[in-house]
Structure formats: C-alpha cells, structure tokens
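The sequence and the model come first, and my entries follow.

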Amino acid sequence: MADERMASRTGELIDRSDQVSFTWEGEPASGFKGDTIGSALFARGTRVFSRSFKYHRRRGLMCCAGQCPNCLVEVDGVPAVRACVTPIEEGMSVRHINAWPSLQRDFLHLVGRLTPSFGMQVGFYYKTFIHPRRAWPLYEKLLRNAAGLGRLDPEHRRTERFDKVHRHVDVLVIGGGEAGLEAAAEAAESGKQVTLVDEGLALGGQLAWSGPSARARLDALRERVSEAGVEILQPAYAGGVYEGLLVPVYQGRTMHRFRPAELVIATGSIEQPLVFGNNDLPGVMLATGARRLVNQFRIMPGEQAVVVTSSDEGIAAALDLADGGMNVAAVADSRRDADGSRVEDAGIEYLAGYQPWQAKGSKAVSGVVVTRDGKHRTLDCDLLVMSGGSVSHTSFITQGGGSIRYDRDQRRYVPDALPPGMRVVGAAAGSAAAAGAVPASAPKTMCKQVVCFCEDVTTKDIALSLDEGFRSLELAKRYTTVTMGPCQGRMCHRNAGLVIADKLGLDADAERVGVTTARPPHHPTSFSLLAARGYEPVKRTSTHHWHAEHGGKMLWAGDWKRPYDYGDADSEAAAVHASLGLIDVSTLGKLIVRGPDAAAFLERIYPNRFGDMKLARVRYGIVCGDDGSIVDDGTVARLSEHEYYVTTTSSGAGGMEQWFTWWNAVWKMDVQIVNVTSTLAAFNLAGPNARTALAKLTEFDLSNEAFPYLGAGHATIAGVPCLVLRIGFVGELGYEIHLPTAAGEHVWEQLMEAGEEFRVKPFGLEPQRVLRLEKMHVIIGQDTNAESNPLEAAMPWIVKLDKESDWIGRYAIEWYKQRGNRLALVGWEGGNGKVPKEGTQVVGAGGEPAGRITSSRYSHRLGKAIGIAWVPVAQAEEGTAILISDPSGATIPATITHRPFYDPDGERLRS
Amino acid sequence: MSSEHPFAFLSPAAATGAELRTPMERNHLAAGATLQQRDGWRVAEYQPRDEPPAWIADLSHHGKLDVRGSAGWIDELTGTLELGRANSTSGVWTLRLSPTHAIVLCSFDRTAELAARIGDGVTDMTCGWAAIVLGGEAARDVFMRSSSLDVREQRFPSGACMAGSVMRCPSIVLNDEGRFWVLCGWELGEYMWEALQDAGLNIGIAPVSATVALPAAEVAA
C-alpha cells in the first residue's frame, strides 16, 4: 500500500525528502526520516500491530506515546520494542511478537473465543491446571508459549556495543513539555548545569501539536533552552528513580546514570482510555494519539471518526481531525453539562450525556453504540477516538521516595510530600483544567471491556476477583495482574480503581480505592542496556602470564586468578616431596603493623602471644571474632622492636586490614597499619632441595643453624631485596620469599632456572591442597566455619588465656572452655581407597548424621584417602572408626587420627 | 636480621639485578609498543601519533610513597594542604587524602631520596599501585564511563584528589591539569588498563608513551 500522508505542514516531524527502508514481517516497507515504526506502518495501511497478552486479540495503535502495550514489536531480534516511539532506521527488521502462526491469522486467538465455555477467566490456571499434578510441566510449557510479550532467542549473541555513562548534573529535568522546558531554561539561566530528558521525538509535549499559538510558544522556549545551554537527551527515557535520586536514562545504546543535585519531574499527564465493550479493537485510539498522527506525522487515521469522551481533550481532538479534513460524525460526551458549542460550530453532532457502550466490528472498528439513559444510538466510523481525561504522571515521585494524595477537586492523584532535591512542575503536579470528569461506570455488555491493556484484564475479571474475596486494588492486582504489565498502571490504574469502587459501592472518585506501586523499569528495557559494559575486576599476580604460558589452568580463587595445576597435580605434589616445587602465593594478604604500640596491639588482636617474639622470627596466629570464632589465620614476623609483618589468608586481606584498623581506632593505640598485599609478590620454594637451589641465587646464609625453621631474614635473591620466611604450609623444607611485585616475574624465572637441575616443578592450588592435607594444616573458611572456635578446631595450644592483656574473643573462649568441647576437628584416613566428596556427612551406625567432611583428597604419597572432619567429641578419639556417607548411598569406613599424616614430627620442615 | 630499614624490601629501587615490569607489559607489546630501559624499568614506548581524543598512558614505574602520621606532621609535610587537594613542585605531587594520610608521586629515581627525607611513616608503594593516566580532550568522558565519581571541573578541578571506585576497583584519582591519574592495586593494573580502554573505545582512546602523559620538565626532574 502506498504511503498516504496529508499535505505538509509546519511542525511535522517527517522529512519527506529522505526515505528510509525497512522490513515488516519480512516484507519491504518504508517511511520517511522522522517516522516512528508505528507511523510509517500506519501510513502504509497497517492497522494490527500486535496480539494481546492473554486472549490474543488484535491490537492497533492507541496512545502513540509509548505508554500502552498495543504496538510492542520485535526489532532486529529485540522483543517488546514500542513501535509508536521508536524511529525507523534503514534496514531494520520489524516483526510481531506474540501470535502464531501469523499476526493476521493467530490460532491462539481461539483462547479468547473459548473463554466463556472453557472458563478461562482470571485465575483460570490456578484452578484448572492443578490436576493431574504430574501434567504441570506440560501445562506450563503450553501456557508460556501462549502468553508473553515476545521471546528471547537463546542463540542470540550481542552484536552491538552498549555503553554506560555516569553523569553528575546540577539539575535533571524529566520531560520536555512546556513545564519541563520552562524549568530547564530557568535553572540554566541561573548558572546551573542542566540536562533535560524527553522520550518523545520532538520537544514541547502538547505544544507540538496544539496549533499555531502553541507552536510560537514552543519555538520561544526551544530558543531559550538552547541559549541557556541546556543539554537535551532525546529521544531518551528515564527508567526509574532510585535511592538518592539516581536516575538511569536510556538513550539508544547508552545508559546514563544520572545523579542530579536536583531532580525536576515534568512528566505531565497521561490520557486515560474509556472502558466499554470492545474498547481494544484496532481503530479505537486515544485522542492525543490521533492528534499526534495527524499533526506530527500527517497521517489521517481514518475516514470517518466518532469521538467518545469525558474531557475537553476529546473535543480538541474532534476539532483537530475536522480541521485536517476528516469527517467527524459525532462527539459523544459523557458529561451532561459540558460546552459543546465549538463542536457544533464545526458542523459536528454533539451528543451530551452519551457514553460509549460498545464498539462494533470484529477485526477493526466499524462503529460504536453510545447510550444515554438506556437509549442506544449506533454511529458508523472506522476511527473511534476516546478520551477519559488524564491523570498526573506520578510514578517517578513515588519511586524517588515521595508520596501522593488524591485531590478531590482535580480528581486525580497529585504530589504530596517530596524527597529532598525533587521538584514537580506542570501537569505532573496537578491540573484541574485537564482533569475532566471521572467517567461513569461502564455499562454492562457481553463484549470484553478491557481495563488493563497490558495484561488483558477485563471488568469481569476484576469483578470476579472481588467476588472471590480480593476486595481491594492491591489484592486485585495480585490476583488479576491488573497494573502489573509494562505500563505499570499508567493506562489502567485509574480505570481499575473506578471499576472496583463501582463494584464495592465506594466513592466514585476512587478516593478510597488507593493506588498500586509503579515500579521500574518505566518502559521495556533490554538486558543489554542494563548490563552495558561489563565490570569484572580480576586480580592477577605478577607471574600470572608466566603460569598461563606454561600450562597453568587458571581459575578464579576469590578475586584472583590462580593456577589450579599445570596439567598433572599428582606429579607436582610428588616433585615437592621428592625434590623441589615452586608455587606463587602472592595472593596472601600482607600487612605492616608498626609503631610503639605494635606489640601490644597484636597481643590484643591474637589469642596467642607476640610481645615476647624474638626479632627475625615468625609465628603462626589465628584471629578470632568477639564470639571466639576463628575468622582468619596467617603468620606474623617480627622485623624490629616495633615493626611486624603480618600475612593473612588470600581472601582475608581486605577484611583483616579493616579489622585491624577498626580496633586500632577503638583502642587509640600508636600503631600504623599499611596493607602491602599489592606491593609484594610471594613465592614458596619447597622441597628437600630448596636450600641448595635458593643458595645459587643469594649470599644469604641459608644453613639450618643460621636460618632455622620459623626464621625471618632479609636476603638479596637474584639481585632483588627480599624478605624470606622459613615456613612450610606444604610440609617440606621451604622458603616463602616476599619481594617487590615489579621484580616478581624476574625472580620467579630465576628460581625456576636455579631449580632446573633438581627438576623443579611449578605447582598449583590443587597439589598444594593435597600437600597441606598430608600435614593436616587447616584452611580457614573451608575446614572451619563461622561457629568454629580454636579449642574445638584442634588449636587449644594457640590460646593463651594467661596473657596479661585482654584480647578479642577471650571471654567467649573462656566460656567455651568452661562448657567443654562438643565437636572436634580431626583427621581421618579412609579404609577402602574411596575418596568422599567434601561436604558429605559422617554418619553413625544407624545412618544418623554425626559430623561432616571438610577436606578430602587422595594422597599418592600415602596411598590412601585422607581428610579433615568435624565429629562429636565422643567420636573424636584417636583410632575411632567412623562411617562417611557417600552420595551414591554407600558408606566409606574411615579412622580418626590426630597426628599429621605425613612427617608428623616436622623433621622435614626443620631439616 | 639486616640493619637496614626492615621494610626496605618493599622498594624496587634496590632491585638492581632485575628488570622491573609494570602489570601492563604484555598489553603494551600486544598493542605494538616497544619496551625501553629506564631507571631499571621496562617502559612502553609507543609510536608518536597525532593526539587522539583520549589517550591512556602507563606510569606504573613512577615513584609512589604512602605517608602516614599525626595530622600535625602531615600538615607540616604537605604545607597544610586541604583534604582532597594536591600540589606539584618540581615534578613531585603531594596528595592529601585524609588528615593523617598523604601520598607522594615522584619520578622513580627520586623515590629513595624522598622516602629517606620523609623518614618514619613512609611506605614505598611504587609496586603497590599501578598508575594510569587518562588524557586528551575527551579524558573526562572516558572517566565518566568508568566511575561514578564526580569529576566535573567545578567539583574536581586541577589539583584535586580523592579516593574512590574506578571500574569497581578501589582507586586514588588526581586531576593533573585535565589529565586524570588513576592509582589502583598493582594486581588490578592490567584489568584497569583494559577496562579503561574499553570504556574509551567509542571515543577513540589510544595508548601512548609515558612521556606524553608528563610534561617534559617532570620527566627530566
């Protein structure tokens, strides 16, 4: 069909010299630059744009303002795009979203036809599909296929780039109508930085289509905002208002996250539909929608129109249409006392006191029956313009923490209390002039009277919900889903309230019915926009790339990437036992604790002693919470009288820094705490040949006499100053080398080279876990939990209850000691070679739970499964036989042990 | 135990036997830069080019000192700088982050000297923080795509500094005459480098040599 437009006129949005081609349902289509998808298709004869959510009724353009769901389409694979406000772009592919097999012939339309006999009124699926229960998956599949607003293609991959920008402005104005423009200009003229957001294609709101004088006013305002330097984002829409007046604004493929000092709500008002039979037929259009088509896109929306209205907006639309050359058969005004003289002067029949009963037609509107005092009149038309007055657009006010109240004079909800920084201007703040009359209740008819266009909720559905006891708008919302759709009640909230008030015999002004909550997003918004660019900070050690380039299987370990292994965890563990291994432990937390009170500070932080430590020594320590639970562990090296070097678990660095800093502030001690986790790389060279290999790179005396187990020393290794700690998490002679990260890769390479003659192997996290388990070294957070105290966790030796100073967790641990242990953390070794999963249960002879496995591995060195478990004290004796439940249902016999499985006396560590 | 300062091992200045590397070294090589020796560091050198709308430079080899002490002492050290303000003298930036916390940025070869002059309370964080400088006309646009911190000229003018989140990483930010220094954990440097470049992709961001990021006088200082 050819593109049929009215004669060109000032203010139209289209550029007739620039044609844009796209496809609709796979067929070529075109429009002009400036057209929306909706206007371009409508100009070429398209009247049905979608099928309704539930009953699959034909739906055509209604609001032309992006408020209703009638024109939601799929554009280039993105569902739920609003055709009436989305500009056409060259080559775009537009398709319908919820019809099968086609929009014109939708078999699912039968759902609506069968409704009376099949009982598919609201809540039908709650009642219908509960038997037989096993059939629910099938029902669910059918229901999901039948309903919805399009589907996401699981194979679809993001092909476009989406962006996110953080914006700070003095003033953000939402809405580019007259009031918004005025507020923006005023703020900018006072020197403020102002951004105005408008979702329309043209600024000015109603000024854009309200005649020459309005046009002149608009031009003046546009010039003013331009000269004042107001930034205008258009078309763009605010997605909601969040805490602290955070406003996401979506513009094209960019999300602007605005944090304005002042937020001006200038969202105007929203015209409301009327409720009557078949009020959703294609050809039934809101007055402002018809006026937009005529004035902005120069499209005559029909050949003969009838206007049904309860406000002056309908009268204005009738005059506009007539002025454009359309035959307006009549204006039926439900008000009995309104002034219809202008209509009659224009040669249009004015029917005072008439309200619409039902629209006629099956596929599109062909007429309307209006009624007054029981008398019906049938009027032929192919365009039925309706206007139920308007409501203030208050969604953003309540989302931002403001409140609204019902204003009886204005017959609408208006702002009441506003949060700091928010201002409401224009019709959003209330406007008696635009209120019109609250429409009378809808006359009874057999046709569907749609209240909620998004969710296909009718007057009958709401009445049913009231009959079934859901006797308020909030409850009806939950039962019928009225106001729950994409428009979040903007098009149905008022009418739903009216229907409920009518049925319950409440105030016709809906005062006592209340309001529902309009939640963000304000319009359908793609996940791509919400996600935009990804932020996923990844921490890499200085040797990260070396690991990856040498076969390291890099995995997430907290925020870090670490090598799981280098391809053969068993041989890596074996290399450490037999000769030499090297592991990157740079992820350990590292803190400097220094100052005159450093020793006293650590005495208070840890249950064990640090004040008596000799210089150049290292001691293991655990940190407890106030409740005596173990929260972290690590080592503490005393480097000078008042300077300590503290290591923490990898995930505990930040937490321990905060913990230390917090207590330092509380105790007001003269201590400085500096987190140097980032500053230092750390490597553990371990194995019987560690000393010989390391000696090749340093002149530092590594002999056991000069540098014994638990020593700390400064050494220059491979030309780099390092701190060396003689400790061993993996159970062999070992040196933990701490050095500046910038030299990390250099030292690592030198260590590997020095160890070459000993067949050194880099080893990853997995072999480290096996090795530490052989020594029965616990991992805090894996072998312990938030309730583990050191007495039960096999570390009573670390608790110094005789310390002079108080320390964190002391009172709780004293209480635990008095109470006696209930659980015990013990080692176990398997009896049948099977390795239970970590987290599985220890069970009693009768299968009752009796503990849990926290660590479990197979040790090739020992030739058996080993692990750590929590068991009741009664079962914790050395040599006690236990049973471990296997997920398969079998049980694995095991024996409790308290001594390390490997080198129990630590001879190798001290060698 | 050595008689030298117990935490001297934090400073890479004494690592005479090593070539020091920034966290972004492989990114530089992948982008076609060459590595040049400078004060013991392998510093990326990019081909000179017309100044892009936004550029990004790796200054991780710059010296960085963390200074903590009493408010009075920090006052004395910083010349009573206000909180959130920084000043630059002879290529040395002093940033006042809190009453008791300051940061000094200097060329690497001056780190040891300045640390010694400051004395107790100083920690060499040269290897603790990666340093990335965003510059060019659109530097602020790139920053706005990276952080919710307010860096508008009127709120964060040249010589202002603050701690906050950039690309979801704890960072310290300095406005150096429209160039934004971002200091983040060394381990996050490579991520930050990649993420900032991604943020500036549509703007035309390009990596440049460190010399572009610093006025000639500062490099020489």
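Before I look at any pair of residues in a sheet, I note that two strands count as paired if DSSP finds at least two bridges between them. I also keep in mind that this is a predicted model.

**Entry 1: a sheet in chain A**

I looked up strand 15 of chain A and found that three bridges join it to strand 22 (residues 383-387) of chain A, the two running parallel. One of the residues I checked was A:M285, whose bridge partner in strand 22 of chain A is A:V385.

I then followed the whole sheet, which is open and has five strands in the order 15-22-16-17-18 of chain A, with parallel pairing. Strand 15 (284-286) and strand 18 (349-352) of chain A each have a single partner strand, so one side of each is left without a neighbour in the sheet. From one strand to the next, I noted a twist that averages 20 degrees.

**Entry 2: helices on that sheet**

Next I asked what lies across the strands. Helix 7 (residues 287-296) of chain A lies across strand 15, strand 16 (304-309) and strand 22 of chain A, and runs at about 85 degrees to strand 15 of chain A. Helix 8 (residues 312-323) of chain A also packs on the sheet, where it touches strand 16, strand 17 (327-333) and strand 22 of chain A, and its direction makes about 165 degrees with that of strand 16 of chain A.

**Entry 3: chain B as a whole**

I turned to chain B, which has seven helices and 13 strands. A compact globule of 221 residues would have a radius of gyration near 17 Å, and because chain B has 17 Å, I wrote down that the two agree. Buried residues make up 53% of the 221 residues in chain B.

**Entry 4: nonpolar cores**

Which residues touch the most other members of the largest nonpolar core? In this core of 184 residues, they are A:V593, A:V871, B:L134 and B:M192. A second, separate core has 155 residues, among them A:L207 and A:V457.

**Entry 5: where the chains meet**

Last, I looked up the contact between the chains, which takes 45 residues from chain B and 45 residues from chain A. On the side of chain B that touches chain A, helix 5 of chain B gives the most, with five residues. By class, I noted 22 nonpolar, 11 polar and 12 charged residues on that side of chain B.

Key: Residues numbered from 1 in each chain as written. Chains lettered and ligands numbered in written order. Predicted model: local features only at pLDDT ≥ 70, side-chain atom pairs only at ≥ 80, totals over all residues. Contact = placed C-beta atoms within 7 Å. Helix = DSSP H or I, 4+ residues; strand = E, 2+ residues; numbered from the N terminus. Nonpolar A, V, L, I, M, F, W, Y, C, P; charged D, E, K, R; others polar. Axes fitted to C-alpha atoms, helices over the stretch in contact; angles between N-to-C directions. Core = buried A, V, L, I, M, F, W, Y, C linked by C-beta atoms within 7 Å. Buried ≥ 20, exposed ≤ 12 C-beta atoms within 10 Å, placed from the backbone. Rg over C-alpha atoms; globule rule 2.2 N^0.38 Å.
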